[in-house]
Amino acid sequence: MRTTVGIIGAGPAGLLLARLLHRTGIDCVVLESRTRAYVERRQRAGMLEQGTVDVLRACGAGARLDTEGLVHQGIELRFERERHHIDFPGLTGGRTVTIYAQTEIVKDLVALQLDHGPPLLFEAEAIAVESPGSASHAVRFVRGGREQVLACDWVVGCDGGHGVARAAFPAGTGRTYAHEYPYSWLGILADVPPSCEELVYARGAGGFALHSMRSPSVSRLYLQVPNGTEAGDWPDERVWDELASRFAVEGDWRLERGPVTDKSVTPMRSWVHEPMRHGRLFLAGDAAHIVPPTGAKGLNLAVSDVQLLARGFAALHRRGSTELLDRYSELALERVWQATRFSYDMTRMLHAQPDGDAFDLRMQLARLRRITASRSAAAELAANYTGLPLPDDVAGPPSPPGDQ
Ligand code: RFL
Ligand code: PHB
């Protein structure tokens with residue numbers, strides 16, 4: 001099998017890249033180790049920046065997003081039993097965010113790809129990327145118990161935090177910068193209407209809690225828990241009681257409870273791999289960087305990485321120019337580090353430090369008070385949350401019809 005761009009992984013990064021390349025007339029093949037049902041069910045992100053919505057819409061994946069996505073005008077910060085609204089359009093010159101589940105984005109992109117898109121092979125596990133530094137490239141993969149080879153001019157590793165692409169960087173050609181947090185998130189999905197119109201980020205007395213949603217009838221909620229926690233340690237009633245306590249405010253607000261349909265624990269980590277390219281091998285999305293979900297940045301970063309890559313491949317295809325591909329790592333990392341900083345700051349501001357003291361708590365509250373008291377501090381949060389722009393020099397002129 002041979003193609004121009006071999007893509008490992010059919011998460012949001014791999015699927016969107018395949019879609020953007022296909023629309024530019026560049027052939028590619030996507031290898032995915034899991035089944036279609038598995039990737040379409042994996043519960044993860046929900047909050048999309050304006051730029052993410054725009055690119056999904058522009059590449060023909062916006063029909064359901066436009067009817068089912070929930071446009072949000074801001075978020076609520078809760079601490080010391082007070083509620084504070086952060087008004088995104090007012091602080092950013094009109095920007096909003098949209099709630100639309102990652103599972104639905106994946107379903108939309110898979111359906112488009114299987115309908116006349118480039119080949120997408122499920123249950124095809126890449127086991128090695130060969131000769132990433134040379135001109136002839138191959139991805140070895142196993143499908144149906146048989147080892148096969150995908151020969152390609154370029155390889156893009158969109159294979160998430162545990163993939164094989166990053167491991168193909170020869171020793172000494174890359175470096176990972178990492179930080180572990182001393183807590184995790186317990187997330188639940190529940191068949192109950194959201195208790196609030198907005199996302200609520202709460203610094204409760206017992207720690208952090210987040211209220212989010214998937215639709216007018218499904219809520220998504222998260223709770224800070226100690227590292228090492230198992231989902232089974234938390235029966236549903238215990239989860240609801242703890243959530244209710246962390247979201248508690250003065251006045252009449254109530255957390256609605258309902259049947260829990262999914263429960264899982266996610267550790268909180270930050271890491272960035274530099275550079276994001278070695279020879280003809282690129283990394284995109286979680287394969288190159290992981291952020292804690294507090295800033296809602298992971299999926300949005302995956303999208304901006306592949307936007308940059310797609311523009312680079314388009315410039316090569318149309319004009320024979322490798323300039324953008326050559327600058328990919330530098331340009332992507334600029335944005336990645338800003339999102340890493342924002343996610344780190346949000347995480348540290350909102351979670352109870354297990355070994356923290358009264359001074360640490362005062363610092364957190366002072367930060368939260370500053371955001372709610374100062375327009376410029378709130379505007380800084382809103383600008384980061386709704387998404388920093390792609391670098392000007394690659395945003396470029398509008399793409400011709402047929403391109404993203
Ligand atoms: P993915 O989604 O992990 O996809 C990688 C794919 O590669 C496949 N794969 C392989 N395929 C072939 N051969 C191999 N050897 C392979 N190894 C792996 C995997 O099966 C998989 O299908 O990475 P991608 O595409 O980079 O997408 C990244 C996002 O999934 C991730 O950043 C977000 O989910 C993070 N995230 C959030 N991001 C946001 O922007 N907004 C949010 O609101 C948000 N909330 C969240 C989140 C992540 C969470 N968890 C569970 C980590 C909430 C949570 C709780
Ligand atoms: C979600 O809806 O799953 C979600 C929203 C915002 C976050 C993290 C997760 O910061």
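This is a predicted model: local features need pLDDT of at least 70, side-chain atom pairs count only at pLDDT 80 or more; totals for chains, interfaces and linings use all residues.
Visitor: Let's start with ligand 2: which residues come nearest?
Guide: There are 14 residues around ligand 2, and those that come nearest are Tyr-201, Ser-212, Arg-214, Tyr-222 and Pro-293.

Visitor: What polar atoms of the protein lie by the oxygen atoms of ligand 2, say from Tyr-201 or Tyr-222?
Guide: A side-chain N or O atom of Tyr-201 is 2.7 Å from an oxygen atom of ligand 2, and a polar atom in the side chain of Tyr-222 lies 2.6 Å from an oxygen atom of that ligand. Thr-294 takes part through its backbone, where an N or O atom lies 3.3 Å from an oxygen atom of ligand 2.

Visitor: And how much of ligand 2 does the protein cover?
Guide: On its own, ligand 2 has 280 Å² of accessible area, and the protein covers 97% of that.

Visitor: Which strands supply the shell around ligand 2?
Guide: At least two residues each come from strand E13 (199-204), strand E14 (207-215) and strand E15 (218-225), and the largest share, three residues, is that of E14.

Visitor: What kinds of residues are in that shell around ligand 2?
Guide: The shell around ligand 2 is made up of eight nonpolar, three polar and three charged residues.

Visitor: OK, on to ligand 1. How many residues are around it, and which come nearest?
Guide: Ligand 1 has 36 residues around it, with Glu-32, Arg-42, Gln-102, Asp-286 and Leu-299 coming nearest.

Visitor: What contacts does ligand 1 have with Arg-42, Ala-126 and Asn-300?
Guide: In the side chain of Arg-42, an N or O atom is 2.7 Å from an oxygen atom of ligand 1, while a polar side-chain atom of Asn-300 lies 3.0 Å from an oxygen atom of the ligand. With Ala-126 the protein atom is a backbone N or O, and it lies 2.9 Å from a nitrogen atom of ligand 1.

Visitor: How much of ligand 1 does the protein bury?
Guide: Ligand 1 exposes 1000 Å² when taken alone, and the protein buries 89% of that.

Visitor: Which element gives the most to the shell around ligand 1?
Guide: That is H8, with four residues. Helix H1 (12-24), strand E9 (124-130) and helix H8 (298-319) each supply at least two residues of this shell, and the whole shell divides into 17 nonpolar, eleven polar and eight charged residues.

Visitor: Changing topic, how many salt bridges does a search of the whole structure find?
Guide: The search finds 25 salt bridges, and in general side chains of opposite charge can pair when their charged atoms come close.

Visitor: Where do Arg-36 and Glu-40 lie, for example?
Guide: Both lie in helix H2 (residues 36-41), four residues apart, which is about one turn of the helix, and their side chains meet in a salt bridge with an N to O distance of 3.0 Å.

Visitor: Is Glu-40 buried or exposed?
Guide: Glu-40 is buried, because its relative accessible area is 15% and the cut-off for buried is under 20%. Arg-36, at 36%, counts as partly exposed.

Visitor: What about Glu-242 and Arg-246?
Guide: Their side chains meet in a salt bridge at 2.8 Å, N to O, within helix H7 (residues 236-247), where the two are four residues apart. Glu-242 is partly exposed at 21% relative accessible area, whereas Arg-246 is buried at 7%.

Visitor: Which residues do salt bridges with shared partners join into one network?
Guide: That network joins Arg-64, Glu-68, Glu-104, Lys-107 and Asp-108. Within it, the side chains of Arg-64 and Glu-68 meet at 3.2 Å, N to O, and both residues lie in helix H4 (residues 63-68).

Terms used
Residues are numbered from 1 along each chain as its sequence is written. Chains are lettered from A and ligands numbered from 1 in the order in which they are written. Side-chain values use heavy atoms; hydrogens and water are left out. A residue is near a molecule or strand if one of its heavy atoms lies within 4 Å of it. A polar contact is a pair of N or O atoms within 3.5 Å; within protein, one must be able to donate a hydrogen and the other to accept it, and residues adjacent in sequence count only if both atoms are side-chain atoms. Accessible areas come from the Shrake-Rupley method with a 1.4 Å probe; for residues, only the protein chains shown count as cover. Ala, Val, Leu, Ile, Met, Phe, Trp, Tyr, Cys and Pro count as nonpolar, Asp, Glu, Lys and Arg as charged, and the others, Gly among them, as polar. A salt bridge is a side-chain nitrogen of Lys or Arg within 4 Å of a carboxyl oxygen of Asp or Glu. Buried means under 20% relative accessible area, exposed over 50%, partly exposed in between (1.4 Å probe, protein chains only).
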